Amino acid sequence: MKRFAQSFAGRLLIALMAIQLLVSPVALWGVYRLIESELHDRFIDYSRREAAQYSHMVVANPDPAGIAALLDDLVLSGALCSASMVAVNGKATGPASTCAGNVFVEDFKFGEHGDDTYSVQIRAGKAGNLQLGFDEAPVNARLAEIARSLLYAGAAWITVVLALAAVVGVRLSRSLKHLSHSARVVAAGGVTETLLLNSPISEVASLSRDLESMRISLVQGAQELREMNLQLLSARDEANRAAYFDALTGLPNRTLFRFRAEALIAQARRMKNCLAFLFIDLDRFKHVNDSLGHLVGDELLKALATRLGKTLRESDLIARLGGDEFAIVLPNITSLDDARRIAAKVLAVIERPINIDGRELHISASIGISAFPQDGAELQTLVKQADIAMYKAKDSGRNNVRVFSADMAHEAEARMRTENELRAALRNNEFVLHYQPQYREGNPPELIGAEALIRWQHPTRGLLSPFYFIAVAEDTGLIVPVGQWVLGETCRQISAWRDEGFTIFRVAVNVSVTQLKQADFAVQVRRLLESFDLTPDAIEIEITESVMLEPHENIVDNLNDLKALGVHMTIDDFGTGFSGLATLTRMPVHKIKIDQSFVHDMSGGALGAAIVRTTIALAKNLSLEIIAEGVETTEQRDMLIQMGCNNMQGYLYSRPISASALAALLRPSSQSTEYLAV
Ligand code: C2E
Ligand code: MG
Ligand code: MG
């Protein structure tokens with residue numbers, strides 16, 4: 001009932017009932033009053049006409065007995081309630097009105113006297129006034145009947161209206177219910193549900209049409225939104241991938257690695273577990289890129305990433321940190337041996353030949369391991385320490401695994417300190433050059449040149465040998481400015497000697513691979529020579545065999561340009577770098593320097609001597625000059641002479657000495673003296 005009262009049909013019915021209840025009684029009452037006044041007027045007219053007629057009859061029959069009989073007859077006939085003659089004293093009593101020339105004295109209202117009688121006085125000639133009483137009851141009865149009829153009609157009207165409202169309400173409510181149901185279906189995703197209604201109520205039909213067209217545009221809009229949403233989702237996925245995954249290998253990148261590794265560390269901390277961190281750096285990956293191109297390098301990285309993914313467990317975290325660096329987190333290990341075992345497995349997997357475009361490539365890696373919690377509690381520390389261990393692995397010959405230790409950290413710290421001090425040394429001009437003379441054996445030995453060797457006048461540690469800092473300078477790239485200083489200082493010194501009137505000779509300068517990789521190295525040398533007004537044969541460049549192993553195009557260009565310039569080049573420490581003969585013949589070098597380790601081994605056995613003899617023969621066959629370094633004894637000197645090498649450098653002749661000490665040797669008198677005692 002309550003629901004019906006709240007429904008549209010219910011409210012319509014209630015509203016109509018209320019309107020009907022208010023309006024209908026008023027309307028009926030109005031109608032009733034109209035009819036009543038009409039009947040009243042007609043009754044008065046009728047009464048007056050009758051009264052006038054009776055008055056004429058009285059006037060026509062002036063006999064009082066006759067009048068009395070007439071009046072009795074009228075009353076008896078039922079036409080009147082009462083009829084009598086009243087005496088007149090010249091004036092009618094009561095209210096008067098006229099009708100057809102007669103003067104009436106009458107009461108106007110029904111029931112005025114409460115006797116249902118309408119009284120009329122009318123002049124009846126000399127006999128006096130005729131007072132007549134007309135019965136109002138028939139009129140009242142008629143009025144009562146009319147009132148009843150009106151009531152019935154009103155009730156019937158209300159019923160009809162209510163019935164109509166009910167029918168319309170029910171139909172409306174059914175249509176609205178249908179619309180509401182369909183709307184709910186549409187809202188729930190029923191996109192095919194129609195809101196079109198075949199309603200006889202035009203407003204409802206039009207509303208349903210409007211709703212249907214709204215539904216169609218909403219469905220279209222929703223479709224477009226869904227498509228846009230899909231595009232947005234895929235764009236978001238793409239952005240996520242780009243932000244968290246390495247585009248080349250598909251492995252987690254540095255950012256995602258940090259999140260996941262930190263979560264694994266937190267978990268290990270909670271569960272009181274151990275966790276190992278492996279830092280992997282490919283050995284000489286740059287060579288692959290430089291020699292075979294970046295595309296091949298990329299393919300190699302991809303292949304390695306796939307291999308690593310297959311080798312490790314799903315619970316292990318593997319990421320590419322950038323370039324040729326990969327990181328692995330091994331959660332929940334029981335001992336460092338586990339980590340070592342897995343690292344060895346990883347090395348073996350990397351070492352397997354990889355076939356790219358029909359070409360078989362070989363690569364190795366160096367791996368550093370650090371462990372949680374013993375090596376550090378934070379990811380950053382663990383990464384740093386695994387990195388230190390990895391460098392140690394590289395130092396110890398690459399293709400190696402090293403586990404972090406406190407000593408390594410101290411060493412790394414010392415390296416860092418040295419790096420900072422080296423920068424300061426460059427700024428403060430703390431480097432000095434010493435020169436080690438080179439002699440051609442004879443009687444007396446002839447001074448043919450010198451090798452410039454750097455020393456560092458350290459503010460607290462005194463004069464330091466290159467042994468303490470060259471490796472750090474190489475690793476940090478500081479060897480480039482240091483090497484530039486050496487070249488510049490050598491040229492300056494040679495020109496100073498020349499200006500002092502000394503006969504100058506060729507001074508050998510050690511040049512690092514890193515320097516030769518600079519595109520403009522040969523140009524730098526040419527400019528230096530020009531700026532000191534030196535001929536190209538004033539200096540000689542010493543390169544190690546490692547230069548030949550690096551197929552960097554700048555190196556090859558620089559060597560060719562230097563040769564074209566007329567600068568001589570020597571392969572230093574020959575025999576220690578495993579360079580192939582083919583490479584040696586291709587390089588534009590003039591001289592080979594037998595490494596001091598072979599010179600020292602020479603007297604130790606047949607093999608040592610054989611290596612030196614072979615090297616000398618090789619140089620002769622390739623028409624290269626030859627010199628031996630590290631000659632300390634006369635025995636070594638004699639063996640070398642006997643094998644065909646007359647050019648010597650070593651403590652037997654002179655240790656590296658200062659520029660001023662060398663200047664003393666340059667005097668003609670010093671040329672013929674015995675070996676320098678140092
Ligand atoms: P290196 O170019 O092979 O230089 C020869 C090294 O052997 C020098 O050590 C020299 O003092 C040492 N030596 C010479 N004769 C003898 C000997 O009879 N017995 C022994 N035991 N040693 C001898 P130094 O000066 O300590 O230089 C070490 C290395 O440092 C050099 O080896 C070179 O590779 C590097 N180096 C020195 N100066 C420079 C430089 O200016 N630039 C670069 N890139 N490297 C340099
Ligand atoms: Mg050298
Ligand atoms: Mg050497």
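Mentor: Ground rules before we start: residues count from 1 along each chain as its sequence is written, while chains are lettered from A and ligands numbered from 1 in the order written. As the model is predicted, local features need pLDDT of at least 70, side-chain atom pairs count only at pLDDT 80 or more, totals for chains, interfaces and linings use all residues, and side-chain values use heavy atoms, with hydrogens and water left out.

Trainee: Why are α4 and α5 called roughly parallel?

Mentor: The axes of α4 (residues 137–187) and α5 (residues 202–244) cross at roughly 5 degrees and come within 11 Å. Angles under 35 degrees count as roughly parallel, over 145 as roughly antiparallel, 65 to 115 as roughly perpendicular and the rest as oblique. So α4 and α5 are roughly parallel to each other. The axes are lines fitted to C-alpha atoms, for helices over the stretch in contact, and angles run from 0 to 180 degrees between N-to-C directions. Helices (H or I, at least four residues) and strands (E, at least two) are DSSP runs, numbered from the N terminus.

Trainee: Which residues of α4 and α5 meet?

Mentor: Leu172, Ser175, Leu176, Leu179 and Val186 in α4 meet Val204, Leu207, Ser208, Leu211 and Arg215 in α5, where contact means heavy atoms within 4.5 Å.

Trainee: What makes β7 and β12 edge strands?

Mentor: The open sheet of five strands has the order β7-β8-β6-β11-β12, with mixed pairing. Both β7 (317–322) and β12 (401–403) have a single partner strand, so one side of each has no neighbour in the sheet. Two strands pair if DSSP finds at least two bridges between them. For β7 and β8 (residues 325–333) there are five bridges, and the two run antiparallel. One example is Arg320, whose bridge partner in β8 is Phe326.

Trainee: How do you know which atoms are donors of the magnesium ion (ligand 3)?

Mentor: Donors are N, O and S atoms within 2.8 Å of the metal (3.2 Å for Na, K and Ca); water is not among the atoms, so sites may look incomplete. Asp572 (OD), Asp573 (OD), Glu629 (OE) and Glu629 (OE) coordinate this ion at 2.0 to 2.6 Å. Asp573 sits in β18 (residues 568–574) and Glu629 in β20 (residues 625–629), so the pair ties together parts 56 residues apart in sequence.

Trainee: What are the protein donors of the magnesium ion (ligand 2)?

Mentor: Glu451 (OE), Asn510 (OD1), Glu542 (OE) and Asp572 (OD) lie 2.0 to 2.3 Å from ligand 2. Asp572 bridges this ion and the magnesium ion (ligand 3), which lie 4.0 Å apart.

Trainee: Is Asp572 buried or exposed?

Mentor: Buried means under 20% relative accessible area, exposed over 50%, partly exposed in between (1.4 Å probe, protein chains only). Asp572 has 6% relative accessibility, so Asp572 counts as buried. Glu629, at 7%, counts as buried too.

Trainee: What do Asp573 and Asn510 count as?

Mentor: Asp573 has 24% relative accessibility and counts as partly exposed. Asn510 has 30%, so Asn510 counts as partly exposed.

Trainee: Which way do the residues of β19 point?

Mentor: Lys591 and Lys593 point one way from β19 (residues 591–594), Ile592 and Ile594 the other way, and all are buried. In a regular strand the side chains alternate between the two faces of the sheet.

Trainee: How many bridges join β19 to β20?

Mentor: Four, and the two strands run parallel. Within that pair, Lys591 stands opposite Glu625 in β20.
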